[in-house]
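Subject: Structure handover

Hello,

Here is the structure for you to look over. My notes follow below it.

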Amino acid sequence: MARSTGSWDESDVRIRPNKKGSRPRTKDRPAYDEAVTGRIITVDRGRYTAVVDEDTPTERIVTAARARELRRNPVVAGDLVSLVGDVSGGPDTLARLVRIQDRRTLLRRSADDTDPVERAVVANADQLVIVVAAANPEPRTGFIDRALVAAYDAGISPLLCITKADIKDPAELLANYEHLDLDVIISRTAADDASGIDARSDDGLSARLQGDAVQQLHRHLEGKVSVLVGHSGVGKSTLVNALTGSDRATGGVNAVTGRGRHTSSSALALKVLEAPSGSWIIDTPGIRSFGLAHVDPDRILQAFPDLEPGTESCERGCRHDDQAKNCGLDPWVESGRAGAAGPARLASLRRLLGSGTRTENRASAKELGAQ
Ligand SMILES: Nc1nc2c(ncn2[C@@H]2O[C@H](COP(=O)(O)OP(=O)(O)OP(=O)(O)O)[C@@H](O)[C@H]2O)c(=O)[nH]1
Ligand SMILES: [Zn+2]
């Protein structure tokens, strides 16, 4: 973590005594013995909303402002932070956020593949749920592949969730990923005469989802912090509402935030209903794509484990991209080692490898990023 210009850095101060029970070094640093830990559920114009004393009788929502010393450190949904000052959570109170606790994971992206500035998206997520519709809107493997790269790069396990399987059989889409060790959940609406889960979406329309998939997804969410990403219209809100009991369509008050419908484009963490403590969904309405300018090409390759062994025969320094001569990936795919989806997978890998590095690819890379 970057040090502040002052003589001390609040993010350095340990709140809990260490194993030996000795006090933290406080000689020339303010100590925050009174600090409480909060989990950031949303960030809005410099105000940080945190849940404190989670799942205890004193659970409350505390609004905080960031201490000046932390002004260069982004605080994102999912962050565990130390709060001081008025942490009562009473009306019109404002606590001070003095420390960002160590992050287990950090999901990042750049605005597009040419933007070198990486942005923190969500902290401490265990799982990235990539939501695509089987149709309407058409699924994009480019989006899925990008999200997979971002997840692997952050050390977060991906989970693919395909919605609207009632409209189209997702088999063709799934063929692309059959060689990956990737859990897939397929969701659809329930038949008129079957029991289903009534889940309203943002547009107020009601989709009655088949219970099986929602329950399956629920099991995957238990005890974890999961981030949901997906394009507009894939049915993300419908799923979130079914899993969290939030009712963002009707402007009802949310149980966790105490607020009405969340209209900003920032990420929002919601508790998963009827799940063990610590089960959270972080919805990311603002994140439609993942610019990968910050990701090392080797890490991109790792997101294609069906192709990676093919690079063993490459010459040293081979970039495996469109321009590469004698790249081992070509014979690997031609000989069918990557299965029927091999050519499409290789094309996708090469789009990602090429993006951001060569000008002629920039336009198409941007287009992909905007998908
Ligand atoms: N046929 C079918 N329609 C669905 C399914 N899931 C959701 N829908 C419908 O798809 C539309 C979009 O759903 P939303 O949940 O609002 O989609 P979203 O991904 O949240 O979209 P944004 O709110 O724009 O981000 C709504 O009309 C839903 O009723 C499904 O499994 N099958
Ligand atoms: Zn190669």
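The chain has eight helices and 15 strands. Both kinds of element are DSSP runs, numbered from the N terminus: helices are H or I with at least four residues, strands are E with at least two. This is a predicted model, in which local features need pLDDT of at least 70, side-chain atom pairs count only at pLDDT 80 or more, and totals for chains, interfaces and linings use all residues. Residues are numbered from 1 along each chain as its sequence is written, while chains are lettered from A and ligands numbered from 1 in the order in which they are written.

Overall packing

Of the 371 residues, 43% count as buried. Buried means that 20 or more other C-beta atoms lie within 10 Å of the residue's own; exposed means 12 or fewer; partly exposed is in between, with C-beta atoms placed from the backbone. Contacts are pairs of residues whose C-beta atoms, placed from the backbone, lie within 7 Å. Among contacts in the chain with a separation of 6 or more, 63% join residues 24 or more positions apart.

The largest nonpolar core has 91 residues. Helix α1 (residues 141-154) gives the most to this core, with eight residues. Such a core is a set of buried Ala, Val, Leu, Ile, Met, Phe, Trp, Tyr and Cys residues joined through C-beta atoms within 7 Å. In soluble globular proteins, nonpolar side chains tend to be buried together. Leu83 and Ile282 have the most contacts inside the core.

Domains

The domain assignment gives domain 1 (1-11 + 33-102), domain 2 (106-283) and domain 3 (297-369). These bounds come from an automatic or database domain assignment. Where domain 2 meets domain 3, the contact takes 16 residues from domain 2 and 22 residues from domain 3. On the domain 2 side, α1 provides the largest share, eight residues. That side divides into five nonpolar, five polar and six charged residues. Here Ala, Val, Leu, Ile, Met, Phe, Trp, Tyr, Cys and Pro count as nonpolar, Asp, Glu, Lys and Arg as charged, and the others, Gly among them, as polar.

Strands

Start with β1 (residues 36-44) and β2. They run antiparallel and are joined by six bridges. Strands pair if DSSP finds at least two bridges between them. Val43 stands opposite Tyr48 in β2. The hairpin of β1 and β2 has two residues between the strands, and Arg45 takes a positive phi near 45° there. On to β3 (residues 60-66): five bridges join this strand to β2, again antiparallel. Val52 stands opposite Arg60 in β3. Strand β2 (residues 47-52) has five of its six residues buried, so it is largely enclosed by the rest of the structure.

Strand β6 (residues 106-110) is also worth a look. Four of its five residues are buried, so β6 is largely enclosed by the rest of the structure. It pairs with β7 (residues 118-123) in the antiparallel sense, over five bridges. Arg109 stands opposite Arg119 in β7.

Helices

Helix α4 (residues 236-244) is mostly covered, with nine of its nine residues buried. Among them are Lys236, Asn241 and Thr244. Just after α4, Gly245 takes a positive phi of about 75°.

Ala347 sits in helix α7 (residues 342-354). It counts as partly exposed because it has 14 C-beta neighbours inside 10 Å. Its C-alpha atom is 14 Å from that of Gly310, 37 residues apart along the chain.

The annotated site

UniProt, in an unreviewed entry, lists Cys314, Cys318, His320 and Cys327 for "binding site". UniProt positions are given in the numbering used here, feature names are shortened, and annotations may be inferred rather than shown by experiment. Cys314 lies in the loop between α5 (297-302) and α6 (329-334). Cys327 is also in the loop between α5 and α6.

Cys327 has 22, so it counts as buried. Leaving aside neighbours within four places in sequence, Cys327 is in contact with Cys314, Cys318 and His320.

Best wishes

Notes: Two residues are in contact if their C-beta atoms, placed from the backbone, lie within 7 Å.
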